[in-house]
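Here is a short walk through one protein model.

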Amino acid sequence: MPPKGPDSGIGQEPTLRPPSLEAALAASRRPSDLVPIKVALRELEKAGDELRAAPSDMAAAGRLVQAAAVARYEGRGAESFALSERAAVAAPSSASVQIFYGSGLLAAGRATEAEERFLRAVLLEPRRAESWQELGRAWAATGNARDATAAFVLSELVIPAERRSAESLHSLAKRAASDPEWEAIAEACGTLGYGKAPKRRR
């Protein structure tokens, strides 16, 4: 298993949740108004400049990801984690590599660690739907329904043609039926074309 915490060598940036990320999450709760979302995404792109400038060895990372995928498929979890972490270190400016590593962590039940990988991916490519989708999955796994819903909504709005998170959002909406944020969740379901949201439990 890869090391955790401050000794891992990656994921220690203090700005993985900059104000622009919080602004994007807040704006997503009123998805009918796209202007604040677009502004927040532009600011997120600026916030990720430093991460994108980090030198990366994409050739080495590609080989490591390929080997990690084979190890994961063959059930060699510890080896896959080690290879995935090496890939993440080799390519800190690649959202794809961060998502790959994070998906393995999430599948292993290590959602908090996966969250760090997906936050990095969002900062690297804030207009990539998969970055938000995977971040939403991590937040849902840790019980953070409010931010998970916002991330799922953003995954739809950054590239409207992609509808991959529809099932996840609707499922989360059902779970959150008694949540104080229900009105915003219901609005998000309707705006994104998921039909009538489940009725709020009284």
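A crossing of two helices is called left-handed if the near helix is turned anticlockwise from the far one by less than a right angle; if it is turned clockwise, the crossing is right-handed. Keep that in mind for the pair below.

The model is a predicted one. It holds 11 helices and 0 strands. Read from the N terminus, the order of elements is α-α-α-α-α-α-α-α-α-α-α. Of the 202 residues, 49% are buried. Among contacts with a separation of 6 or more, 60% join residues 24 or more positions apart.

Now take one pair of helices. Two packed helices are described by the angle between their axes and the distance between the axes. Helix H4 spans residues 58-73, and helix H5 spans residues 77-90. Their axes come within 8 Å and cross at roughly 160°. Angles over 145 degrees count as roughly antiparallel, so H4 is roughly antiparallel to H5. The crossing of H4 and H5 is left-handed.

Which residues in H4 and H5 meet? H4 brings Ala61, Leu64, Val65, Ala67, Ala68, Ala71 and Arg72. H5 brings Glu79, Ser80, Leu83, Ser84, Arg86, Ala87 and Ala90. The residues of this contact divide into 9 nonpolar, 2 polar and 3 charged.

Definitions and conventions: Residues numbered from 1 in each chain as written. Predicted model: local features only at pLDDT ≥ 70, side-chain atom pairs only at ≥ 80, totals over all residues. Heavy atoms only, no water. Axes fitted to C-alpha atoms, helices over the stretch in contact; angles between N-to-C directions. Helix = DSSP H or I, 4+ residues; strand = E, 2+ residues; numbered from the N terminus. Parallel < 35°, antiparallel > 145°, perpendicular 65-115°, else oblique. Contact = heavy atoms within 4.5 Å. Nonpolar A, V, L, I, M, F, W, Y, C, P; charged D, E, K, R; others polar. Buried < 20%, exposed > 50% of the residue type's maximum accessible area, 1.4 Å probe, protein only.
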